[in-house]
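Subject: Structure for you to look at

Hello,

Here is the structure I promised to pass on. Please open it and keep it beside you while you read my notes.

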Amino acid sequence: MDKHCLECGEKLIGRVDKKFCSDYCRNSYHNKLNKDSKNLMRNINNILRKNYRILEKLNPEEKTKTSKTKLLAEGFNFQYFTSIYTTQAGKTYFFIYNQGFLPLDNEEYYALVKRN
């Protein structure tokens with residue numbers, strides 16, 4: 001029973017468990033297989049990276065306060081963050097890795113914090 005490359009269909013010679021005829025075919029096959037999910041993940045990671053840089057820029061110290069207008073002007077996207085931390089007092093911080101923001105009172109101002 002002959003085995004054939006999963007990507008190009010060429011007859012395989014060598015190991016019994018071989019699936020591809022070359023590294024090119026192996027990479028090409030897996031890139032096609034993961035194309036959609038990689039694109040989505042790349043876009044989300046780019047948004048998270050941009051949000052992180054904005055928080056880092058506006059919060060050079062470890063704690064500060066800024067307006068929602070300033071965050072939006074920089075291009076900050078409030079829908080993307082990596083974790084949520086709720087204090088015992090009931091305040092909810094949203095974090096992008098170690099940079100966090102807390103909506104204050106009427107959500108026109110935000111406290112920016114850095115977690116060590």
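Tyrosine 29 is partly exposed, with a relative accessible area of 26%. (Buried means under 20% relative accessible area, exposed means over 50%, and partly exposed lies in between, using a 1.4 Å probe and protein chains only.) Phenylalanine 20 is buried, at 11%. The two form a tilted aromatic pair, 5.2 Å centre to centre, with 55° between the planes. (Rings of Phe, Tyr and Trp, the last by its six-membered ring, pair if their centres lie within 6.5 Å; planes under 30 degrees apart are stacked, over 60 edge-to-face, the rest tilted.)

A word on the source. This is a predicted model: local features need pLDDT of at least 70, and side-chain atom pairs count only at pLDDT 80 or more, while totals for chains, interfaces and linings use all residues. Residues are numbered from 1 along each chain as its sequence is written, and side-chain values use heavy atoms, leaving out hydrogens and water.

Back to the rings. There are 10 aromatic pairs by this rule. Phenylalanine 101 and tyrosine 110 make an edge-to-face one, at 5.9 Å and 65°. Both residues are buried. They also belong to a cluster linked by ring pairs, together with Phe76, Phe78, Phe81 and Phe94.

Now the core. The largest nonpolar core has 12 residues, among them Leu48, Leu58, Phe94, Phe101 and Tyr110. (A nonpolar core is a set of buried Ala, Val, Leu, Ile, Met, Phe, Trp, Tyr and Cys residues joined through side-chain atoms within 4.5 Å.) α2 (35-58), β3 (92-96) and β5 (109-114) each supply at least two of its residues. (Helices are DSSP runs of H or I, at least four residues; strands are runs of E, at least two; both are numbered from the N terminus.) α2 gives the most, with five. A second, separate core has five residues, including Tyr93 and Val113.

Two charges sit over rings. Lysine 65 lies over the face of tyrosine 109, 5.1 Å from the ring centre. Arginine 115 has its charged end over phenylalanine 95, 3.8 Å from the centre. (The rule: NZ of Lys or CZ of Arg within 6 Å of the ring centre and within 35 degrees of the ring normal.)

Last, how many disulfides are there? Zero, in a search of the whole structure. (A disulfide is a pair of cysteine sulfur atoms within 2.5 Å.) For cysteine 5, the nearest cysteine sulfur is that of cysteine 8, 3.7 Å away. Cysteine 5 is buried, at 5%.

Best wishes
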